[in-house]
Amino acid sequence: MKICGLKTLEAAEHAVALGASHAGFIFFPRSPRNIEPDDAGRLAERIRGRARIVAVTVDAENDELDEVVSALDPDILQLHGQESPERVLTVKAIYGLPVMKALSIREVSDLDRIDPYLGIVDRFLFDAKPPAGSELPGGNGVSFDWRLLEALDGSVDYMLSGGLNAANIGEALALTGARAVDISSGVERAPGVKDLKLMDAFFDAVRRAEAERPRSGSKT
């Protein structure tokens, strides 16, 4: 499970104490979850080794990625913009890090965008397409029709994201069989402000859902 958009030590420590496998830090100035690379680096050092550190960027140029990688020393780069397969290959060659590529889903034809990235990205993240007028590629608190993933090849490794919360995660897992999930706004009391009680509720809901379905693999 990945908790994304972390900005405080309290939230980061609580996430890993609950069992989060991934901790995401967002580097995108228009996001309420944006964090400066040096600040993220200090937080990451407090939880390193207990969760995989993920740097989330949006169509970042090399100089921005240089700064982020230098300050954060991430385990994974998450590319959440319009990065092409060629750009992903370039990023992997420069930084030698695994890449998770976010793709926005609204209709079944959006799954066709997966094919050019197969064998290039290390994992996908499926998020909902942003609503009209939003400047954020993710973290909008909206979901997509999870039934669309029934058409997905079972060999595709992905994290499920987009509008997840304690109330709907059980249905999301039942419909998709997702082995990994990503949450940000669903555990916030205000944009960019994590709520520890909402985090507790979400983890409890995931564990209940996991206990009720056949296990096909471990959640990471």
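Tutor: Accessible areas here come from the Shrake-Rupley method with a 1.4 Å probe, and for residues only the protein chains shown count as cover. By that method the protein has an accessible surface of about 10000 Å², of which 48% belongs to carbon and sulfur atoms. This is a predicted model, in which local features need pLDDT of at least 70 and side-chain atom pairs count only at pLDDT 80 or more, while totals for chains, interfaces and linings use all residues. Residues are numbered from 1 along each chain as its sequence is written, and side-chain values use heavy atoms, with hydrogens and water left out.

Student: How do you know how compact the protein is?

Tutor: The protein has six helices and 10 strands; helices are DSSP runs of H or I with at least four residues, strands are runs of E with at least two, and both are numbered from the N terminus. Its radius of gyration is 16 Å, close to the 17 Å from the globule rule for 220 residues, so the protein is as compact as a globular protein of that length. The radius is taken over C-alpha atoms, and the rule is 2.2 Å times the number of residues to the power 0.38. Along the principal axes, the C-alpha trace spans about 45 × 40 × 35 Å.

Student: Why is Asn165 called partly exposed?

Tutor: Buried means under 20% relative accessible area, exposed means over 50%, and partly exposed is in between (1.4 Å probe, protein chains only). Asn165 has 25%, so it is partly exposed. The residue is in the loop between strand S7 (158–160) and helix H5 (169–176). Leaving out residues up to four places away in sequence, Asn165 touches Ile183, Gly186 and Phe202, where contact means heavy atoms within 4.5 Å.

Student: What makes strand S2 (residues 22–27) largely enclosed?

Tutor: Six of its six residues are buried, so the rest of the structure largely encloses S2. In a regular strand the side chains alternate between the two faces of the sheet. In S2, His22, Gly24 and Ile26 are buried on one side, and Ala23, Phe25 and Phe27 on the other.

Student: How do you know which strands S2 pairs with?

Tutor: Two strands pair if DSSP finds at least two bridges between them. Strand S1 (residues 2–3) and S2 have two bridges, in the parallel sense. Strand S3 (residues 52–57) is joined to S2 by six, also in parallel. Among the residues involved, Lys2 has His22 as its bridge partner, and Phe25 stands opposite Ala55.

Student: Why is the unit of S2, helix H2 (residues 37–47) and S3 called right-handed?

Tutor: A crossover is right-handed if, with the strands pointing away from the viewer, the path from the first strand over the helix to the second runs clockwise. S2, H2 and S3 make a β-α-β unit of that hand. S1, helix H1 (residues 9–18) and S2 make another right-handed β-α-β unit.

Student: What makes a set of residues a nonpolar core?

Tutor: The members are buried Ala, Val, Leu, Ile, Met, Phe, Trp, Tyr and Cys residues joined through side-chain atoms within 4.5 Å. The largest such core has 64 residues, and Phe25, Phe124, Phe126, Leu160, Ile169 and Phe202 touch the most other members. Helix H6 (residues 196–211) gives the most to this core, six residues. Apart from it lies another core of 12 residues, including Ile26 and Val54.
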